[in-house]
Amino acid sequence: LIAAAFISSVTVTQFAAAADLPTKAPPAPVAPLPTWTGFYIGGHGGLGWTSADGRWDPLPSQQFFNAFGQQGDFNDTAFIGGAQAGYNWQFAPTWVAGIEADWSWTNAKGGFGEGWRQAFNGAPIPNSLTNLNMSLNWLATVRGRIGYLFTPQALAYFTGGVAWGHIDYSAQATSPEYNAATSFSDTSVGYVLGGGVEWMFAPGWSAFLEGNFTDFGNEDHLVFDPVVCTVGCPFNTKATAATALVGVNYRFGY
């Protein structure tokens, strides 16, 4: 009886001591890793560098025009800005693939003037001049993207796809025996390649730096004149554009 009473007393004392011990707090919840999957929209701005080569050939009237044609470069640097929208899919789990469409306004212009020269000896022709001009009004692309997450918030990516550019051209050639002028607009189609880095700085928000190169290839046009270029004098252009952009995206679903 005495032993049972002793054991009971010790047990009660141990339970009481355990009740006085501080209890452990539950572990703090772990913040979920950011996800890049989902639709997004955003805006961008930066600089665009346009470059175009132009050549106006004299055929079929070399007697009035330099036999080697008039050609030159017209380049410009201008502001470019617009909006973009797209969808990303995060997989593997550090890879991100997606598709993006954007539209950018710009007002890049360029032109050059060149005097004529005799076809047979290269001597300048007095009071003669050719002017070629171009203006890129807007640029749009649809691109695929593939990137790698160096950290859950930092993405480096490559991009490429199809580009459209609305370009105005004008040309005028004058001499004592010749006067022809033309102007036309063309929505050129080409390809675009580039890359960039993007950083998710807050849930659903990211900022990016991106550089792209667009090539619209060679395009052939005809300049008509009722006296000399009755069947059309060839006018060839080759336009490219490079852009450096900074922008912000917002992802839906956060």
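## Charges over rings

Arg251 lies over the face of Tyr40, at 5.1 Å from the ring centre. Arg145 is placed over the face of Tyr157, with 4.3 Å to the ring centre. A charge sits over a ring if NZ of Lys or CZ of Arg is within 6 Å of the ring centre and within 35 degrees of the ring normal.

This is a predicted model, in which local features need pLDDT of at least 70 and side-chain atom pairs count only at pLDDT 80 or more, while totals for chains, interfaces and linings use all residues. Residues are numbered from 1 along each chain as its sequence is written, and side-chain values use heavy atoms, with hydrogens and water left out.

## Aromatic pairs

The structure holds 8 aromatic pairs (rings of Phe, Tyr and Trp, the last by its six-membered ring, with centres within 6.5 Å; planes under 30 degrees apart count as stacked, over 60 as edge-to-face and the rest as tilted). One of them joins Trp95 and Tyr148 edge-to-face, at 5.1 Å centre to centre and 65 degrees between the planes. Trp95 lies in strand E3 (residues 95-114) and Tyr148 in strand E4 (residues 129-151), so this pair ties together parts that are 53 residues apart in sequence. Strands are DSSP runs of E, at least two residues, numbered from the N terminus.

How exposed is Phe150? Its relative accessible area is 60%, which makes Phe150 exposed, whereas Trp95 is partly exposed at 37% and Tyr148 is partly exposed at 32%. Here buried means under 20% relative accessible area, exposed over 50% and partly exposed in between (1.4 Å probe, protein chains only).

Terms used: Helices (H or I, at least four residues) and strands (E, at least two) are DSSP runs, numbered from the N terminus.
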